[in-house]
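I opened this notebook to record what I looked up about pockets and salt bridges. The structure is placed below, and my entries follow it.

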Amino acid sequence: MAKMSDQQSYVTDADELVFLVEEVPRKLRRLFDASAAKFGLTRTQWRALAYIFRTPGLTQTELAKCLELERASVGHVIDQLERVEYVERRAVEGNRRVWTLHLLPKAVGILPALRAEADAIYARLLADVSAEEVATVKRLLAAMSANL
């Protein structure tokens with residue numbers, strides 16, 4: 001049986017930091033899942049709409065890279081968004097295999113409400129955190145990311 005001092009060494013300060021860094025996105029995913037569901041969307045569909053809004057004419061392959069998903073998985077997401085008339089695929093002239101993605105008016109109509117949902121989540125996340133602290137966290141996370 002391990003002694004108490006041995007057991008305490010199994011969870012280090014670095015472990016506690018990494019656990020906390022992992023906990024924040026997990027909680028954010030849950031909040032975004034619940035918010036997206038209010039609109040009949042998944043979080044991935046919501047993100048897809050945001051990327052297509054930002055870059056009209058994005059291809060499915062480009063969207064897959066943005067979402068860090070396989071092209072086939074993104075195809076399924078786009079199929080679902082087409083069914084509810086949020087997105088349409090348009091053929092690229094001269095290339096029958098490439099389709100560009102465009103938002104339809106129905107999707108554009110819900111974007112302000114989606115933006116408000118995201119802003120409310122971010123306000124909750126950043127409550128009681130100063131702008132200076134946010135800048136520090138950004139700098140630290142960027143440094144940690146660069147180390148990997």
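Entry one, the second largest pocket. I noted about 620 Å³ of space in the second largest pocket. Its lining has 16 residues, of which V24, L125, L126, V137 and L141 lie nearest the centre. The elements α2, α6 and α7 (131–147) each give two or more residues to this lining. By class, I found 15 nonpolar, no polar and one charged residues there.

Entry two, terms. A pocket is an open set of points on a 1 Å grid over the protein atoms alone, where a 1.4 Å probe fits, with protein on both sides within 12 Å along at least five of seven lines; lining residues have an atom within 4 Å of a point. Volume is the space filled by probe spheres set on the points, which are joined across faces, edges and corners. Helices are DSSP runs (H or I, at least four residues), numbered from the N terminus. Nonpolar covers Ala, Val, Leu, Ile, Met, Phe, Trp, Tyr, Cys and Pro; charged covers Asp, Glu, Lys and Arg; the others, Gly among them, are polar.

Entry three, basis. The model is predicted, local features need pLDDT of at least 70, side-chain atom pairs count only at pLDDT 80 or more, and totals for chains, interfaces and linings use all residues. Residues are numbered from 1 along each chain as its sequence is written, and side-chain values use heavy atoms, with hydrogens and water left out.

I recorded a volume of about 780 Å³ for the largest pocket. Seven residues, the largest share of its lining, come from α3.

I found seven salt bridges in the whole structure (a side-chain nitrogen of Lys or Arg within 4 Å of a carboxyl oxygen of Asp or Glu). D79, E82 and R89 are linked in a network of them.
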